[in-house]
Amino acid sequence: MAFIRNGGLLVLLVAMVFCISAAANPHALSKDEKNLATQLLIKAGGSVSGLEDKYQLLRSFQVLGIRHEEATTCDVVGKVLTSSSSAEKDLFFASKCGEALRCSFPEPDLKVTVSNLLSSLENKEGLLDVHYSIGTLAVLKNWVKDQVVLEDPIAIFQKIKALGEEDGTWKYDANDDGTSAKAAGVALETLADLLKLASSAFDDAKIRYLEGVTSKLFEFLEKYEDGTQFIGERGVDGFYGGGGPLAATSQVMKGVTALASHTSGQIEVSAEKVLSISNFFLTAGIQGSLSDMFHVLDALGALDENCLLVPVVLSVHPTVLSLSTMEALKISTTTVLGSPVEASVTLRKAVRVNEKDPFLSNQLLDSDEDKATHTLNIVHNKVDIGTYDLTFKVKLLKEGKYAAETYPTRRVLVTGVVSIAEVEVGVLDSDTGSADFTKRWNPSTKEVVALFATHLQKLRFALDVLSPSKEPFKPHQAFLRLKHETMEHLFLLKSSEQKLELNLDLLGLVEKLNYLSGIYTIEIIIGDAAMENPVMWNLGTVELDLPEPPEGTVKPSALALATSKYGPKPEITHIFRPADKRAPPTLSNPFLIFSLVPLLGFLVGLKLLNTNMKNFPSSGLPTVAALFFHLGIASILGLYVLFWLKFNLFQTLKALAVLATMLMVPGYYTLSHLADSSSPKIKSA
Amino acid sequence: MTAPFSLCLSPDRSLHPRLLVLVDDVAVKSSHSLFFNSLADRGYKLDFKLASDPSLALKSYGEYLFDGLILFAPSTEQFGGSVDAAGILEFVDSGRDLILAADSEMSDTMRIIGSECGADFDEDFNAVVIDHLNFAISEDSNEHSLIAADSFVKSNAILGEKDIEAPVLFEGIAHSVAPANDLVIKVLSASSSAYSANPDVSLGDPPALSGSKISLVSVVQARNNARILISGSLSLFSNKFFMSPVTKFGSSKSYDSSGNQQFAEEISKWIFHERGHLKAVHVGHHKAGELQEPQMYRITDHLEYSLEIYEWTGKDWQPYVADDVQVQFYMMSPYILKTLEHNGQGLYHTSFQVPDVYGVFQFKLEYNRLGYTSLSLSKQIPVRPFRHDEYERFIRAAYPYYSSCFSMMFGFFIFGVVFLYHK
């Protein structure tokens, strides 16, 4: 490839495989595509700000044939053009906007701008600077005819030429370390503008130079697999706006066509190249960002109408031809944007895909009055459903610079309604092959069948699929599906002896069916791209009685029963241990009284025994000691009561320790005193 | 164990997440510009690179340079720079998000990434999804491989509140997800008549993938909250499909534009955590009537449990409101499972009585909802039995016992006095 020579810049190479949406059938920009592009442009238009974006938007709409004034208006453009502080780039895009909007400005307002531009031309060195200035002047010439006179067009020509290289590429700036074809496109456009401004300055030598540059430029074309050609972007382009191969190819086409429109036929490019470039733009599609859409549309606009060579595209509509609607195939010869071009079209041959012999050949198509739309009608009588490759021969009738692919081939799918009369359903004996049960399932009644089979039997399904011309048709999708709860098994209906059939030997399938006995539903799906009536039928059910699985195999249905992990779970509340059974108060209260009876009896007994306190010490220390002793005992007993009422064990034990210690001293004293006082009596007794 | 629920996404999560978009063709940037613009409009910083760019890097000095990765480079066999399939999986393992779009020219590398994420693409390199009953009528495609898909997952978290009415256009390859893998969710499934095969070759064997087993678009929510989108179609995100009108075969209804734009935008919101990302904070519990969190509960205590749940919206944390948040009081098995009440401001609470079983319990909150990050919180708390003095003291039925005790004590006291001083 050509750009390998600039090895160092490979880093920034971005020409890759393009998304090609409709490579098989190139066609002129269709209505749907234009609508899609319009919608996308309107969407993109919401956020444009700079004049360059606005121009891209306006130009894109212009190519699509829509007048769009939302982006900017002549007033705004006029303000920029008359302002002395506007930069060249803004002036350039403002003037282009003005051109696209078909504004008209009063001559005096623009005089200052023109003279400013003219005077500063000498100082411009970079290609883009010159391009903007010359471009603006070329547009302004429409409004201020006499004012735009270049002082020294030859010098400008030499300046541009100086940036060019031998091989036809260009530098943007003398200091650039690389050249590009896109820059050459800019240079050619600038030279075309220069030609427009000062055509007299260009002598034959200069025109020949331009011819040479143009022909060299088209040696840079790179190719895609589908035959479309384009110009790749170079590293140096990245620094000057980039835009990828779309922008580069678009710029070159713009430059070359502009140049061709200002020369009288000297500039020539081979038809094959123009056609493959126009295919490149048509297949690239108009569905990207604003700048990409602009580059495609701008190029298509340039290709649609120019003095170089207008590519003529053969479009087939519809590409899917329905036999049931009796539609005719419309073949149109148009420019890329859809303007009709007179031509006569012959069908050289029509071949069914995967077949050798053409089923139609050499047939001149009927043309409309404008000779741009041609009808292929006879297809209906002979053709069967399927895919066909149609090869045409195009002979252009219109005068002028037009070019068309001589033998374009287009692929057409013919669709129709197939007929399936019935489905044969049967249960056969494995060994003998004799039918134990057969039924002809009728699609029109949809009456379901209920089969029963064991693993020693076979299931048989067979059906005829006939195309509209009553030929056996083999659809791409011919499935039989057995469904058992969560398990699904798919089988292919194979064609044999003009029938689609399937014999299921259940013995061999036991393992595949996971030994799952039970009811399976039977579904048949027949579909094909050429079928207008794809079907999915529920034939009914079959109850299979399969043997038990050998030891150790796990039934998968049990595994499949995993509960969903999503969603709330049922609430759980704890059930507390029930309280112990207790005696009712009516029982416990009498027992309470009953339990006090012994105490009462004890007290009554003491009374009856006439107990007295005569032995209580009557004086002094023993009395105090006895009092403390009994008070101590009472307080320990009271502590027990408190233990019941509120204290815990530790509090009680602590208190008990204190009380018991305190009790020991008076206790010992009292008891020994009592012992002392009574012992003499014992002795005396 | 406390699960890493919310720490990976701090409240000051970047409001302008950086996304790396890897393409195998610069034209993708332009032909899918509507999708990229919608991301840029939502505050994402997109960095476009060719997948073969030699300066490609996900990391710099151990730090990831991006918060998410969009792989719109199905045909890339080998990445440029320091990126490889393992590096991308590591990127996901670090909790970052990935969008992977395939098409019929999918490379092995991409298949490996897909299968590591739980989506197994059809092994037949020429197979595409075909559906003769549910295709979109179109001029460009006559192989019935332009599918008008409309069986979406039922989850507002993933696909937004608003139903997607128009079918989604899909043109690409099929993948399947293992039913046992509950991290992968089929977002867009094929209909039961779909199959995956090469349209140009007649079938010799039943197709490996067919019917509703085929997933067209799946998402993965990893345990570390990384989210992955796997689409079998790159053009699903394209401007062309966004704007295309759709008429489904056999249906009289036609839509002015497909559901692709809504679908792609809504699902990208989910993937980049603008929806369905929850965090739980201020998880606490205390005894009824107290405020302090105790070290331990006693059986039959009444306690209150509360937490706050917030959802990330892409800008800030908003209260999450749901009626199905449940907490378990758990020891080997749940003893109590209760749905939390909420105040509509993200505060969830409930109260219950501790069961009369002692041991080491957990407050366990397992929140798994389709499309939401799973919350998995657990907090250990021991439960002790009654202390000796915490049992009931004044039992009516036991009064005869008490009275006999006290009467004996009283009798002992009187007997002592009488025994010592009677004469």
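Me: How many Å separate the centres of domain 2 of chain A and domain 3 of chain A?

Reply: In this predicted model, local features need pLDDT of at least 70, side-chain atom pairs count only at pLDDT 80 or more, and totals for chains, interfaces and linings use all residues. Residues are numbered from 1 along each chain as written, chains are lettered from A in the order written, and side-chain values use heavy atoms, without hydrogens and water. Taken over C-alpha atoms, the two centres are 42 Å apart. The bounds, 312–415 for domain 2 and 423–549 for domain 3, come from an automatic or database domain assignment.

Me: What area do domain 2 of chain A and domain 3 of chain A bury between them?

Reply: Interface size is often given as the accessible area lost when the parts come together. Here that is about 640 Å², 58% of it on carbon and sulfur atoms (1.4 Å probe, summed over both parts). On the domain 2 side, D384(A), I385(A) and T415(A) lose the most, together 66% of what that side buries.

Me: Which residue numbers are in contact, and what polar links does the rule find?

Reply: Nine residues of domain 2 of chain A touch eight of domain 3 of chain A, with contact meaning heavy atoms within 4.5 Å. Five residue pairs are in polar contact across this interface, both residues at pLDDT 80 or more (N or O atoms within 3.5 Å, one able to donate a hydrogen and the other to accept it; residues adjacent in sequence count only if both atoms are side-chain atoms).

Key. Buried area is the accessible area (1.4 Å probe) that two parts lose on being put together, summed over both.
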